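Hi,

Here is the model I promised to pass on. Have a look, and then read my notes below.

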Amino acid sequence: MTFDELSLDPRILAAVKAAGYTTPTPIQEQGIPAVLGGRDITGIAQTGTGKTAAFVLPMIHKLGQGRAKARMPRSLILEPTRELAIQVAKAFTVYGRHVQGLRVATVVGGVPYGAQLSALRGPLDVLIATPGRLMDHMASGKAILSNVEMLVLDEADRMLDMGFIDDIKHIASFLPEQRQTVMF
Ligand code: AMP
(Lines give C-alpha, C1' and ligand atoms only; values in the text may rest on other atoms or scores of the structure.)
Protein backbone atom coordinates (compact mmCIF):
# COMPACT_ATOMS: atom_id res chain seq x y z
CA MET A 1 0.00 0.00 0.00
CA THR A 2 1.08 3.60 -0.59
CA PHE A 3 0.11 6.77 1.29
CA ASP A 4 -1.76 7.95 -1.81
CA GLU A 5 -4.30 5.17 -1.29
CA LEU A 6 -5.23 6.41 2.19
CA SER A 7 -7.56 9.24 1.03
CA LEU A 8 -5.65 11.88 2.96
CA ASP A 9 -5.76 15.58 2.08
CA PRO A 10 -3.12 16.32 -0.60
CA ARG A 11 -1.54 18.91 1.71
CA ILE A 12 -0.86 16.15 4.23
CA LEU A 13 0.44 13.79 1.57
CA ALA A 14 2.88 16.48 0.44
CA ALA A 15 4.21 16.80 3.99
CA VAL A 16 4.48 13.03 4.38
CA LYS A 17 6.44 12.81 1.14
CA ALA A 18 8.69 15.69 2.21
CA ALA A 19 9.40 13.74 5.40
CA GLY A 20 10.65 10.96 3.15
CA TYR A 21 7.98 8.33 3.84
CA THR A 22 6.67 6.28 0.95
CA THR A 23 4.92 3.33 2.58
CA PRO A 24 2.60 3.45 5.59
CA THR A 25 3.62 1.20 8.47
CA PRO A 26 1.08 -1.49 9.53
CA ILE A 27 -0.35 0.61 12.36
CA GLN A 28 -0.80 3.49 9.89
CA GLU A 29 -2.30 1.30 7.18
CA GLN A 30 -4.92 -0.02 9.59
CA GLY A 31 -5.29 2.99 11.88
CA ILE A 32 -5.59 5.86 9.41
CA PRO A 33 -8.72 4.62 7.55
CA ALA A 34 -10.39 3.72 10.86
CA VAL A 35 -9.75 7.16 12.36
CA LEU A 36 -10.81 8.88 9.14
CA GLY A 37 -14.00 6.80 9.24
CA GLY A 38 -14.84 8.19 12.67
CA ARG A 39 -14.50 4.91 14.52
CA ASP A 40 -13.42 4.44 18.12
CA ILE A 41 -10.28 2.35 17.98
CA THR A 42 -7.52 0.89 20.09
CA GLY A 43 -4.23 0.64 18.23
CA ILE A 44 -1.49 -1.56 19.61
CA ALA A 45 2.04 -1.25 18.29
CA GLN A 46 5.52 -0.93 19.70
CA THR A 47 7.26 2.42 19.94
CA GLY A 48 9.09 3.38 16.79
CA THR A 49 6.47 1.89 14.47
CA GLY A 50 4.89 5.15 13.32
CA LYS A 51 2.08 5.27 15.88
CA THR A 52 2.16 9.04 16.16
CA ALA A 53 1.44 9.61 12.47
CA ALA A 54 -1.32 6.98 12.68
CA PHE A 55 -3.44 9.45 14.66
CA VAL A 56 -1.86 12.80 13.76
CA LEU A 57 -2.38 12.45 9.98
CA PRO A 58 -6.11 11.63 10.07
CA MET A 59 -6.62 14.21 12.80
CA ILE A 60 -5.13 16.97 10.62
CA HIS A 61 -7.26 15.75 7.72
CA LYS A 62 -10.45 16.07 9.76
CA LEU A 63 -9.48 19.40 11.31
CA GLY A 64 -8.79 20.82 7.85
CA GLN A 65 -12.49 20.46 7.13
CA GLY A 66 -13.76 22.74 9.91
CA ARG A 67 -12.90 25.86 11.86
CA ALA A 68 -11.71 26.38 15.41
CA LYS A 69 -13.70 28.44 17.91
CA ALA A 70 -12.04 30.59 20.56
CA ARG A 71 -11.25 28.79 23.84
CA MET A 72 -12.62 25.46 22.67
CA PRO A 73 -10.19 22.86 21.33
CA ARG A 74 -11.64 20.50 18.72
CA SER A 75 -9.38 17.63 19.60
CA LEU A 76 -7.59 16.61 22.75
CA ILE A 77 -4.52 14.41 23.01
CA LEU A 78 -3.52 13.16 26.45
CA GLU A 79 0.08 12.15 27.00
CA PRO A 80 1.73 10.58 30.03
CA THR A 81 4.78 12.86 30.00
CA ARG A 82 5.82 16.34 29.01
CA GLU A 83 8.48 14.96 26.66
CA LEU A 84 5.94 12.90 24.71
CA ALA A 85 3.56 15.87 24.52
CA ILE A 86 6.30 18.03 23.02
CA GLN A 87 7.23 15.27 20.56
CA VAL A 88 3.64 14.97 19.35
CA ALA A 89 3.37 18.75 19.00
CA LYS A 90 6.42 18.59 16.71
CA ALA A 91 4.66 15.99 14.57
CA PHE A 92 1.87 18.52 13.93
CA THR A 93 4.47 21.06 12.81
CA VAL A 94 5.93 18.54 10.36
CA TYR A 95 2.76 16.94 9.00
CA GLY A 96 0.59 20.07 9.19
CA ARG A 97 3.07 22.42 7.55
CA HIS A 98 0.90 22.92 4.42
CA VAL A 99 -2.39 23.26 6.29
CA GLN A 100 -2.66 26.99 6.93
CA GLY A 101 -3.83 28.18 10.33
CA LEU A 102 -3.77 24.87 12.17
CA ARG A 103 -3.61 25.84 15.83
CA VAL A 104 -1.95 23.52 18.27
CA ALA A 105 -1.28 24.19 21.95
CA THR A 106 0.68 22.15 24.46
CA VAL A 107 -0.27 22.22 28.12
CA VAL A 108 2.18 20.36 30.34
CA GLY A 109 3.44 20.56 33.89
CA GLY A 110 6.75 21.95 35.08
CA VAL A 111 6.61 25.11 32.96
CA PRO A 112 5.07 28.55 33.60
CA TYR A 113 1.34 29.07 33.09
CA GLY A 114 1.52 32.32 31.13
CA ALA A 115 2.07 31.10 27.57
CA GLN A 116 -0.38 28.23 28.10
CA LEU A 117 -3.07 30.64 29.26
CA SER A 118 -2.75 32.84 26.22
CA ALA A 119 -2.76 29.80 23.90
CA LEU A 120 -5.94 28.54 25.57
CA ARG A 121 -7.69 31.87 24.98
CA GLY A 122 -7.43 31.75 21.22
CA PRO A 123 -9.06 29.44 18.67
CA LEU A 124 -7.59 25.97 19.05
CA ASP A 125 -7.68 22.93 16.82
CA VAL A 126 -5.54 20.63 18.92
CA LEU A 127 -4.76 20.62 22.62
CA ILE A 128 -1.96 18.28 23.65
CA ALA A 129 -1.78 17.87 27.40
CA THR A 130 -0.57 15.93 30.37
CA PRO A 131 -3.47 15.20 32.74
CA GLY A 132 -2.36 17.13 35.84
CA ARG A 133 -1.76 20.50 34.21
CA LEU A 134 -4.85 20.16 32.06
CA MET A 135 -6.95 19.63 35.19
CA ASP A 136 -5.45 22.79 36.71
CA HIS A 137 -6.57 24.77 33.65
CA MET A 138 -10.00 23.10 33.74
CA ALA A 139 -10.45 23.93 37.43
CA SER A 140 -9.73 27.61 36.76
CA GLY A 141 -12.14 27.61 33.82
CA LYS A 142 -9.41 28.21 31.24
CA ALA A 143 -9.67 24.94 29.35
CA ILE A 144 -13.17 24.25 28.03
CA LEU A 145 -13.61 20.79 26.59
CA SER A 146 -17.26 20.83 25.55
CA ASN A 147 -16.38 21.13 21.86
CA VAL A 148 -13.90 18.26 21.62
CA GLU A 149 -14.70 16.00 18.67
CA MET A 150 -11.83 13.56 19.09
CA LEU A 151 -9.98 12.31 22.16
CA VAL A 152 -6.67 10.50 21.80
CA LEU A 153 -5.21 8.60 24.73
CA ASP A 154 -1.63 8.13 23.62
CA GLU A 155 0.46 5.58 25.51
CA ALA A 156 -2.73 4.72 27.37
CA ASP A 157 -1.11 1.71 29.03
CA ARG A 158 1.63 3.89 30.41
CA MET A 159 -0.87 6.46 31.67
CA LEU A 160 -2.67 3.69 33.55
CA ASP A 161 0.64 2.38 34.95
CA MET A 162 1.37 5.88 36.17
CA GLY A 163 -1.95 6.01 38.04
CA PHE A 164 -3.74 8.48 35.78
CA ILE A 165 -6.99 6.52 35.59
CA ASP A 166 -9.01 8.83 37.86
CA ASP A 167 -7.62 11.93 36.15
CA ILE A 168 -8.53 10.54 32.72
CA LYS A 169 -12.05 9.70 33.90
CA HIS A 170 -12.42 13.17 35.35
CA ILE A 171 -11.22 14.83 32.14
CA ALA A 172 -13.40 12.56 29.96
CA SER A 173 -16.47 13.49 31.99
CA PHE A 174 -16.18 17.05 30.62
CA LEU A 175 -16.11 15.95 26.98
CA PRO A 176 -19.21 15.57 24.82
CA GLU A 177 -20.58 12.03 24.84
CA GLN A 178 -20.75 12.15 21.05
CA ARG A 179 -17.07 12.09 20.19
CA GLN A 180 -14.47 9.81 18.75
CA THR A 181 -12.08 8.10 21.14
CA VAL A 182 -8.78 6.73 19.90
CA MET A 183 -6.48 4.79 22.19
CA PHE A 184 -2.93 3.68 21.58
P1 AMP B 1 6.63 6.79 16.32
O2 AMP B 1 6.43 5.31 16.48
O3 AMP B 1 5.37 7.50 16.02
O4 AMP B 1 7.39 7.39 17.45
O5 AMP B 1 7.54 6.99 14.99
C6 AMP B 1 8.84 6.49 14.92
C7 AMP B 1 9.65 7.11 13.79
O8 AMP B 1 9.24 6.60 12.53
C9 AMP B 1 9.51 8.62 13.70
O10 AMP B 1 10.81 9.16 13.68
C11 AMP B 1 8.80 8.88 12.39
O12 AMP B 1 9.31 10.04 11.80
C13 AMP B 1 9.09 7.65 11.57
N14 AMP B 1 8.00 7.26 10.67
C15 AMP B 1 6.67 7.35 10.92
N16 AMP B 1 5.95 6.86 9.89
C17 AMP B 1 6.83 6.40 8.97
C18 AMP B 1 6.71 5.77 7.68
N19 AMP B 1 5.52 5.48 7.16
N20 AMP B 1 7.83 5.46 7.02
C21 AMP B 1 9.05 5.71 7.56
N22 AMP B 1 9.24 6.31 8.75
C23 AMP B 1 8.15 6.65 9.47
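Helix axes here are lines fitted to C-alpha atoms over the stretch in contact, and angles run from 0 to 180 degrees between N-to-C directions. Helices themselves are DSSP runs (H or I, at least four residues), numbered from the N terminus. Before the findings, some housekeeping: this is a predicted model, where local features need pLDDT of at least 70, side-chain atom pairs count only at pLDDT 80 or more, and totals for chains, interfaces and linings use all residues. Residues are numbered from 1 along each chain as its sequence is written, and side-chain values use heavy atoms, with hydrogens and water left out.

Helices first. H3 (residues 51-63) packs against H2 (residues 26-36) at about 30 degrees, with the axes 9 Å apart. The pair is therefore roughly parallel (angles under 35 degrees; over 145 is roughly antiparallel, 65 to 115 roughly perpendicular, the rest oblique).

The crossing of H3 past H4 is right-handed. Further along, the axes of H6 (residues 131-139) and H8 (residues 165-172) come within 10 Å and cross at roughly 40 degrees. That makes H6 oblique to H8, and here the crossing is left-handed.

Now the ligand. Residues around it (a heavy atom within 4 Å) include Phe 3, Tyr 21, Pro 24, Gln 28 and Lys 51. By class, the shell has three nonpolar, seven polar and one charged residues (Ala, Val, Leu, Ile, Met, Phe, Trp, Tyr, Cys and Pro are nonpolar, Asp, Glu, Lys and Arg charged, and the others, Gly among them, polar).

Which backbone atoms lie 3.0 Å from a ligand oxygen? A backbone N or O atom of Gly 48 does, and so does a polar backbone atom of Thr 49. For Lys 51, the backbone-to-oxygen distance is 3.2 Å. Taken alone, the ligand exposes 500 Å², and the protein buries 64% of that (Shrake-Rupley, 1.4 Å probe).

Cheers

Note on methods
A polar contact is a pair of N or O atoms within 3.5 Å; within protein, one must be able to donate a hydrogen and the other to accept it, and residues adjacent in sequence count only if both atoms are side-chain atoms. Helices (H or I, at least four residues) and strands (E, at least two) are DSSP runs, numbered from the N terminus. A crossing is left-handed if the near helix is turned anticlockwise from the far one by less than a right angle, and right-handed if clockwise.
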